[in-house]
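Have the coordinates open and follow along.

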Amino acid sequence: MACFLVPAAEAVITTIVTKAMKSSEKQSETVKVQFNGTELETAEKIPFREKLNWLSNLLWGGSALLAFEHVWHGEVVPWFPFLTTASNPTDAAEMLHEMSTVGTSMAVLVTVVWFGMLGITSMIEKKALKPQVFKN
């Protein structure tokens, strides 16, 4: 019914934090890969702000798909109170229960997947940022 509002609220928060972090961003870490004194490639560490933007995009995308599904099933309407269950107090209690269980579960799951992405990215970055010099 309104479970998409919980990930959407988290998406709003992460978007605001991402925008705030953009102004205080520092220079990223860079390592150059060389072969016989010739630079082949430059590896750069991804800033945390960009990684937080990944979470924001995941949450916004999931919330948009869920909102579309709720519109499709007639649970969200273009007139006040917008959520069909918000007009009846007994349905509103059910809606709040769904938000606190299903919505929170979805937001937590997306965040856990994002933490997995961070772990994998960290391993790849550590390997890529080791100074590598190849000689004949």
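This is a predicted model: local features need pLDDT of at least 70, side-chain atom pairs count only at pLDDT 80 or more; totals for chains, interfaces and linings use all residues.

Residues are numbered from 1 along each chain as its sequence is written, and side-chain values use heavy atoms, with hydrogens and water left out.

Start with α1 (residues 5-23) and α2 (residues 48-72), whose axes come within 8 Å and cross at roughly 155°. Helices here are DSSP runs of H or I, at least four residues, numbered from the N terminus. The axes are lines fitted to C-alpha atoms over the stretch in contact, and angles run from 0 to 180 degrees between N-to-C directions. That crossing makes α1 roughly antiparallel to α2 (the label goes to angles over 145 degrees). The crossing is also left-handed, meaning that the near helix is turned anticlockwise from the far one by less than a right angle.

Who meets whom? On the α1 side, the residues in contact (heavy atoms within 4.5 Å) include P7, A8, A11 and V12, and on the α2 side they include F48, L52, L55, L59 and W60. By class, this contact has 11 nonpolar, 6 polar and 3 charged residues. Nonpolar takes in Ala, Val, Leu, Ile, Met, Phe, Trp, Tyr, Cys and Pro; charged is Asp, Glu, Lys and Arg; the others, Gly among them, are polar.

Now stay with α2. R49, K51, L52, L55, S56, L59, S63 and H70 are buried there, that is, under 20% relative accessible area with a 1.4 Å probe, protein chains only. Their cover includes α1 and α3. Just after α2, G74 takes a positive phi of about 80°.

On to the loop between α2 and α3 (89-128), where P81 is found. The peptide bond joining F80 and P81 is cis, with omega about 10°. F82, in that loop too, has a phi near 70°, a positive value in a residue other than glycine. Most residues other than glycine have a negative phi, and most peptide bonds are trans.

A86 touches P81 and M95, not counting residues up to four places away in sequence.

Technical notes
Helices (H or I, at least four residues) and strands (E, at least two) are DSSP runs, numbered from the N terminus. Angles under 35 degrees count as roughly parallel, over 145 as roughly antiparallel, 65 to 115 as roughly perpendicular and the rest as oblique. Buried means under 20% relative accessible area, exposed over 50%, partly exposed in between (1.4 Å probe, protein chains only).
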